[in-house]
Amino acid sequence: SPGVYHAVQHHSQMCSANFHGVKLVYVQNYKVNTQGICSNLYALNDHGHEATSTFSFTIVRDPLSRFTSGYSEISYRAGLHKAGASFSRRPEGFCSEYLATSESDPARAAEFIKGLISGRLGHRLDNTRGCTFFDPYLHVLPQVGFVVQALHNKTIPIRGLDFLGKLEHLNDEWERLGNAVRDAHGI
């Protein structure tokens with residue numbers, strides 16, 4: 001079973017914008033309205049000021065709510081695949097027992113959780129009993145893995161997080177974020 005850091009090491013993404021000489025860097029986190037946050041951030045990009053400092057932040061979501069949303073998306077995608085639609089990078093030979101359970105059976109979620117905890121989500125390596133991780137399952141991994149990976153990212157180096165907000169209060173958090181950037185950089 002891959003550790004959280006290992007599982008997200010090739011999936012850490014960030015979106016950024018220059019705002020009055022400050023590079024605002026959002027550490028993306030699956031199932032936390034990343035597209036909406038990045039869209040808001042891109043709207044702030046002033047393109048006219050070269051960044052001389054960096055302000056990094058992320059938004060987190062209630063873990064149970066995020067897990068439920070992630071599981072729902074994974075289950076939905078698996079259903080599409082059964083119906084003949086493509087399932088991004090779906091390999092043959094799954095070792096995820098929950099897929100054998102009917103989508104309408106409440107036991108499916110329990111099987112999914114058992115597979116996640118035991119490291120059985122993914123696809124088989126050769127004909128062995130081992131499994132390799134499957135990307136869509138990143139939607140249910142702990143959020144801290146994305147932050148840890150971002151701290152080790154060499155593309156946009158960040159020293160730490162300057163701000164941590166909560167999705168459940170995004171409107172208020174967006175305002176708090178703006179105030180934190182202004183206070184930290186004298187804007």
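Student: Which residues of H4 are buried?
Tutor: Helices (H or I, at least four residues) and strands (E, at least two) are DSSP runs, numbered from the N terminus. Buried means under 20% relative accessible area, exposed over 50%, partly exposed in between (1.4 Å probe, protein chains only). In H4 the buried residues are Arg108, Phe112 and Gly115.

Student: How reliable is the model, and how is it numbered?
Tutor: This is a predicted model, where local features need pLDDT of at least 70 and side-chain atom pairs count only at pLDDT 80 or more, while totals for chains, interfaces and linings use all residues. Residues are numbered from 1 along each chain as its sequence is written, and side-chain values use heavy atoms, with hydrogens and water left out.

Student: Which elements do the buried residues of H6 pack against?
Tutor: The buried residues of H6 are Leu170, Glu173, Leu177, Gly178 and Val181. They fall within an arc of 145 degrees seen down the axis, so they line one face of H6. Counting contact as heavy atoms within 4.5 Å, they pack against strand E2 (22-27), helix H2 (34-44), strand E3 (53-60) and strand E6 (163-166).

Student: Which residues of H6 are exposed on the other side?
Tutor: The buried residues of H6 include Leu177 and Val181. On the other side of H6, the exposed residues are Asn171, Asp172, Glu175 and Asp183.

Key
The arc is that of the directions from the helix axis to the C-beta atoms.
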